[in-house]
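Subject: Handover of a structure and the findings from it

Dear colleague,

Please find the structure below, together with its sequence.

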Amino acid sequence: MTDLSASTELMEKFILNENLRKHCYAVAAVMKSYALKLNEDSERWAVTGILHDLDWEKFPDTHPNTAVPILKEAGYDDEIIEAILGHAYPERTDVPRTSNLSKYLFACDEITGFVTAYSYMKPGGLDDVEVKSIKKKMKDKAFARNVNREDILKGAEEIGIVFEDHLENVIGAMKNDPKVNSK
Ligand SMILES: [Fe+2]
Ligand SMILES: [Fe+2]
């Protein structure tokens, strides 16, 4: 099962919070753009992004483990489920990131949250976001405190992309996605 519209529907059934939905669209957009760059299955990568926080709103204490039976029932395969478990390794699961799908999911998660938080402060939203300004803002510890800076850097390291380049890719993919960059 890798159908994007059915996956989006499933996500929207579980996640009602608009900001969290937007986070899922953002991760999906970046995953899709990386899949296209890497010649991977872009729908499959977008689906993994859309679903990665499926149980976060309803079951924050057991996320993402609570999502497993739901995803199995809906027909998602092991690679997708392992990637979703992997994004919370080792804090919440015992499934290390081994696949590209898993490593990229982890690398696209926290950073999109940070970019979104920053874009809210800008009059032009995402269109006003630049690599330089994000790098600078990351040093401001009081800003978007819940976004883990170490995980952001670790993510880029795991996919073997220089952090600035990763940031540029992430910002570009978010800007180019109409669902993510909507005013
Ligand atoms: Fe998560
Ligand atoms: Fe997330």
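Helices H3 and H5 are oblique to each other, a term for angles that are not under 35 degrees (roughly parallel), over 145 (roughly antiparallel) or 65 to 115 (roughly perpendicular). They pack at an angle of about 45 degrees, with their axes 10 Å apart. Axes here are lines fitted to C-alpha atoms, for helices over the stretch in contact, and angles run from 0 to 180 degrees between N-to-C directions. Helices (H or I, at least four residues) and strands (E, at least two) are DSSP runs, numbered from the N terminus.

Please note that this is a predicted model, in which local features need pLDDT of at least 70 and side-chain atom pairs count only at pLDDT 80 or more, while totals for chains, interfaces and linings use all residues. Residues are numbered from 1 along each chain as its sequence is written, and chains are lettered from A and ligands numbered from 1 in the order in which they are written.

The packing of H3

On the H3 side the contact involves Val47, Thr48 and Leu51, which meet Ile80, Ala83 and Ile84 in H5. Two residues are in contact if their C-beta atoms, placed from the backbone, lie within 7 Å. The residues of this contact of H3 with H5 comprise 5 nonpolar, 1 polar and no charged. In this division Ala, Val, Leu, Ile, Met, Phe, Trp, Tyr, Cys and Pro count as nonpolar, Asp, Glu, Lys and Arg as charged, and the others, Gly among them, as polar.

H3 (residues 42-51) also packs against H6 (residues 100-119), at an angle of about 50 degrees and with the axes 11 Å apart. H3 and H6 are therefore oblique to each other, and H3 passes H6 in a right-handed crossing. Trp45, Thr48 and Gly49 of H3 make this contact with Leu101, Leu105 and Cys108 of H6. Its residues divide into 4 nonpolar, 2 polar and no charged.

The nonpolar core

The largest nonpolar core has 47 residues, and those with the most contacts inside it are Val30, Met31, Cys108, Val115, Val170 and Met174. Such a core is a set of buried Ala, Val, Leu, Ile, Met, Phe, Trp, Tyr and Cys residues joined through C-beta atoms within 7 Å. A residue is buried if 20 or more other C-beta atoms lie within 10 Å of its own, exposed if 12 or fewer, and partly exposed in between, with C-beta atoms placed from the backbone. Among the contacts of Val115 are Val170 and Met174.

Individual residues

Lys32 lies in helix H2 (residues 18-38). Lys32 is buried, with 24 other C-beta atoms within 10 Å. Not counting residues up to four places away in sequence, Lys32 touches Ser42, Trp45 and Ala46.

Asn39, in the loop between H2 and H3, has a positive phi of about 60 degrees although it is not a glycine. Asn39 is exposed, with 7 other C-beta atoms within 10 Å.

Two peptide bonds deserve mention. The bond from His63 to Pro64 is cis, with omega near -5 degrees, and the bond from Tyr89 to Pro90 is cis, with omega near 0 degrees.

Yours sincerely

Technical notes: A crossing is left-handed if the near helix is turned anticlockwise from the far one by less than a right angle, and right-handed if clockwise.
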